Amino acid sequence: MKKKWWHDKVAYQIYPKSFFDTNQDGIGDLRGITEKLDYLKNLGIDIIWISPVYQSPFVDQGYDISDYYAIDPAFGTMEDMDRLIAEAKKRDMYIVMDLVVNHCSSQHEWFRKAVEDPHGKYGNYFYIKEGKDGNPPCNWRSYFGGSVWEKLPGHDNLYYLHLFAKEQPDLNWENPELRQEIYKMIRWWLEKGIAGFRLDAIINIKKDLRFQSFPEDREDGLSSFTCELEQAEGIHEFLQEMKEEAFAPYNAFTIGELFDYRPEELEQYIGDDGCFESIFDFSTHLLGSDPRGWYAFTPVTPEEYKKAVFDSKHRTWKTGFMANIIENHDEPRGVSHYIREEDLNEISKKMLAGITMMQYGLPFLYQGQEIGMSNTVFSSIDEVDDISTIDEYRNAREQGLSEAEALKAVAGQSRDNARTPVQWDASENAGFTSAVPWRKVNPNYKEINVAEQEGRPGSVLEFYKELIRLRKNPVYQEAVVYGEEIPFRESEENLMAFYRKGREKTLLVLANWQRESRTVEIPLEFDRVLVNNTAENTEIENGKVFMSSYQFLILEKE
């Protein structure tokens, strides 16, 4: 594996709408990101991925782009963007933008022209097909529920494809003219000085052009779109072309969002000649899922999590770096998702932080993760903004759940959990804004916030800083960044333990993922505690270490 400039870095995702509001309109903005750069630098962040700030009608919170060359006024101006890029460079930090090119907004000029002339130039920028006997071309279900086909306005038997919301028509990547428009846009942004892109839903750009129906898997008579993904062939030709024509000339950092890639093709994605620098490791995020919907999801156990992580690291070792995450803007808060509610405290949150930060790959934090922000509280479905949560609530109700049961079933999985404003301090609206925030602040902001944790020994925030310093410490960096991840006592229940074995240093990571204390037998030579998520002194005697509830340790040889 070739060593890259970003391997020893730490990355951080910002969801701008909920990060920090400087003009007091209730919505976070670009100036808010610039104002907090020093905070992020002090945390140890190098790479900042910013969720979409392009012009958008916000049907899907900015992932429906109506102009790729414009900043939406909700976030500021292009001058604000230029200043953010410049200020980040002064601090040796890198700005990564979201690249959403599987689809655009139905308000984009291209789609408007396609509606006017479906058989003309811009009609070929999208997938526009004739219906069958008054029905859509096939029975695929969109990611947000309902058919992937919507009637083209003003045309009785013409439908356009949308894998997401109907306001997000899919772009036709089979059209070389469309691809060149996308590459031109990518180069334009890289010329402005950004470091690269996170590629949204990128595996979806290649379709099974037969557009055939599959066996229905729910009572709606539709079939999951993932069946189509299993049939589609040829995505790597598109991705390599995009790399060669747009990314490679700028040495751009690219990270793909891929849920449904084929494991045998991993090297084509992140190998030395892969189309991306990295992809997110979603192996743990798929645990507990059920094709029937969120209402049927089951809680994730420590054993399931451990197996998913070790299997993933075994596959990627010597191939490339995946990005390690516990949450993002599309997921619930990691501490609420992976730790039982009755056990959720600073100790258990720091344990999860330690496991994540010490894995082989690129650590990728999401805003608020560094202080242990947790899921919010929903008293009614009317408080939900996220379209996927609303669709899953509807699905749960159709399966016979009561309103209260359906709300409880979807609340824990809702994307809105991660979209509540960052909790900066204990003042009104958590210091995010003095106006009414676009999303209600999590009620626990007075107890969980940056100001309370900054500088306080034992806080989640200070523990993340400690872990990041370890990653960047020249003494340990080779082992933490490039060292092989080797499972230790893998069969011991609720113990997640592994070595990080470098050329000169080997560290032993231990996480007691349970409320009960335990004694763990370890090799005699590991007799020095390097990192401890508790305030208590940990004694190692005769190759045994006593671990308390949710304790996390990193040991090294004296």
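This is a predicted model: local features need pLDDT of at least 70, side-chain atom pairs count only at pLDDT 80 or more; totals for chains, interfaces and linings use all residues.
Helix H11, residues 346–357, and helix H15, residues 460–472, pack at an angle of about 20°, with their axes 10 Å apart. Helices here are DSSP runs of H or I with at least four residues, numbered from the N terminus. The axes are lines fitted to C-alpha atoms over the stretch in contact, and angles run from 0 to 180 degrees between N-to-C directions. H11 and H15 are therefore roughly parallel to each other; angles under 35 degrees count as roughly parallel, over 145 as roughly antiparallel, 65 to 115 as roughly perpendicular, and the rest as oblique.

Residues are numbered from 1 along each chain as its sequence is written, and side-chain values use heavy atoms, with hydrogens and water left out.

On the H11 side, Glu346, Lys349, Lys350, Ala353, Gly354 and Met357 meet Val460, Phe463, Tyr464, Leu467 and Ile468 of H15, where contact means heavy atoms within 4.5 Å. By class, this contact of H11 with H15 has 7 nonpolar, 1 polar and 3 charged residues. In that scheme Ala, Val, Leu, Ile, Met, Phe, Trp, Tyr, Cys and Pro count as nonpolar, Asp, Glu, Lys and Arg as charged, and the others, Gly among them, as polar.

The second pair is H5 and H7. Helix H5 covers residues 176–191 and helix H7 residues 235–247; the two pack at an angle of about 40°, with axes 9 Å apart. That angle makes H5 oblique to H7. Their crossing is right-handed. Arg179, Gln180, Tyr183, Ile186, Arg187 and Leu190 in H5 meet Phe238, Glu241, Met242, Glu245, Ala246 and Phe247 in H7. These residues divide into 7 nonpolar, 1 polar and 4 charged.

The axes of helix H12, residues 387–398, and H13 come within 9 Å and cross at roughly 135°. H12 is therefore oblique to H13. This crossing, too, is described as right-handed. H12 contributes Thr389, Glu392, Tyr393, Ala396 and Arg397 to the contact, and H13 contributes Glu403, Ala406, Leu407 and Val410.

H13 also leads us to the open spaces of the model. Which helix supplies the largest share of the lining of the second largest pocket? It is H13, with 4 residues. H13 (403–411) and helix H10 (334–338) each supply at least two residues of that lining. In total, 37 residues line the second largest pocket, and Ser336, His337, Ile339, Glu341 and Gly412 lie nearest its centre. The pocket holds about 1100 Å³ of space, and its lining has 17 nonpolar, 14 polar and 6 charged residues.

A word on terms: on a 1 Å grid over the protein atoms alone, a cavity is a set of points where a 1.4 Å probe fits but cannot get out, and a pocket is an open set with protein on both sides within 12 Å along at least five of seven lines; lining residues have an atom within 4 Å of a point. Points are joined across faces, edges and corners, and a volume is the space filled by probe spheres set on the points.

How many cavities of 30 Å³ or more are there? The count comes to 3. About 80 Å³ of space lies in the largest cavity. It is lined by 13 residues, and Lys4, Ile270, Gly271, Glu277 and Gly320 are the closest to its centre. The second largest cavity has a volume of about 50 Å³, and its lining residues include Asp281, Tyr305 and Gln359.

Technical notes: A crossing is left-handed if the near helix is turned anticlockwise from the far one by less than a right angle, and right-handed if clockwise.
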